[in-house]
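Please read these notes with the structure open beside you.

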Amino acid sequence: MKIRIAGLFQGWYTGGDSGAINTFRLRRTELKVSGDFGKRAKWTFMIDPAKALSLTNTTSSIGGQTVVTGATVAQNSKVLQDAYVSLIASPALTVDLGQQKIPLGNEGTISSGKLDMIERSLFVTDKTRGGGWGDARDLGVMLKGKLAGGQVEYFSGLFDGMGEAINDVDKNEQKDFVSRFLIHPKALKGLQFGGSVARDVFKQADATLRTRQAVEMMYAYSTFAVKAEGITGWDGPIERHGGYVQFSDQVTKSLQMLFRFDMWDPDMHKDGAADTVTEHDWIGGLGYSVKNTPVQIQFNYIRKTFGGVSPDKNVFMANLQTNF
Ligand SMILES: [Ca+2]
Ligand SMILES: [Ca+2]
């Protein structure tokens with residue numbers, strides 16, 4: 001049996017105005033161990049000890065006041081990230097069984113060490129306003145593979161949840177169907193496009209039904225690249241959408257310049273309040289790779305706007321990362 005060890009370290013500095021905290025932060029210290037039992041079976045195990053623990057509170061109303069009656073460690077804040085076994089039947093079919101990322105979108109599935117910008121797009125990161133659509137792990141079984149000489153790639157799975165059951169058992173009877181496909185046409189080198197869907201299944205359409213549909217594209221030509229994603233869906237009665245478009249240029253071997261426009265509307269049918277207004281972000285980025293090392297340094301300036309409902313924000317982020 002072969003065993004491989006890999007890791008990712010990310011240290012951040014963030015600062016800004018309008019309430020942003022100026023701080024250094026240990027964002028990720030991922031440690032991944034994987035191995036194979038020959039060509040037919042592999043296993044993957046990944047932890048992130050830098051994860052911040054959080055609590056799940058239970059509350060009740062006493063005399064009109066909400067009081068905390070109990071607290072447990074939130075299972076989704078535990079350090080265990082990936083733990084799955086892969087059974088490989090052929091290039092067209094691999095079965096992954098265990099805890100793993102659900103296959104939703106490009107930035108929802110790409111590893112954290114390969115992001116163009118320091119943070120993922122708003123539809124993934126704005127968890128306080130209904131986001132968190134992607135970069136989510138859950139327990140289940142996924143089929144994946146490459147067809148048509150590698151021109152078609154698919155990922156299709158059934159999970160306990162869309163991320164809410166990580167490190168836990170299912171919280172309800174329903175399972176979640178999540179699938180993504182990608183096309184890499186041989187006729188046009190540098191182009192990749194595809195889509196994803198996610199949906200609560202084995203359940204009648206009701207007041208809590210969740211659905212997501214996403215499209216994505218990437219095109220690279222010479223030193224330039226354009227990348228875009230859009231996503232829309234429902235969380236029960238609330239329809240949300242978001243997406244981004246990004247341009248980048250590899251100026252020199254080690255220096256990359258990037259620009260991104262990003263948006264997230266947590267409620268397409270309501271506006272005017274902090275929890276319903278659309279956020280528009282303009283992001284400028286620089287990426288620098290230190291020659292002959294896996295060390296990368298990234299700088300992002302982000303102008304965050306909320307249609308005048310909440311004050312605009314200027315945020316500065318720096319990331320020093322290394323893989324090993
Ligand atoms: Ca479930
Ligand atoms: Ca809105």
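1. D265 and T276 are both buried (under 20% relative accessible area with a 1.4 Å probe, protein chains only; exposed is over 50%, partly exposed in between). The model is predicted: local features need pLDDT of at least 70, side-chain atom pairs need 80 or more, and totals for chains, interfaces and linings use all residues. Residues are numbered from 1 along each chain as written, chains are lettered from A and ligands numbered from 1 in written order, and side-chain values use heavy atoms, without hydrogens and water.

2. D235 and R212 form a salt bridge, with the closest N and O atoms 2.9 Å apart (a side-chain nitrogen of Lys or Arg within 4 Å of a carboxyl oxygen of Asp or Glu). D235 counts as buried at 16% relative accessibility, and R212 is buried at 5%.

3. D170 and K175 form another salt bridge, its closest N and O atoms 2.7 Å apart. K175 is partly exposed, with a relative accessible area of 24%.

4. K304 and E279 also meet in a salt bridge, at 3.1 Å from N to O. Both count as buried, K304 at 19% relative accessibility and E279 at 4%. Shared partners join D126, R129, E279, D281 and K304 into one network of salt bridges. The count by this rule is 23 salt bridges.
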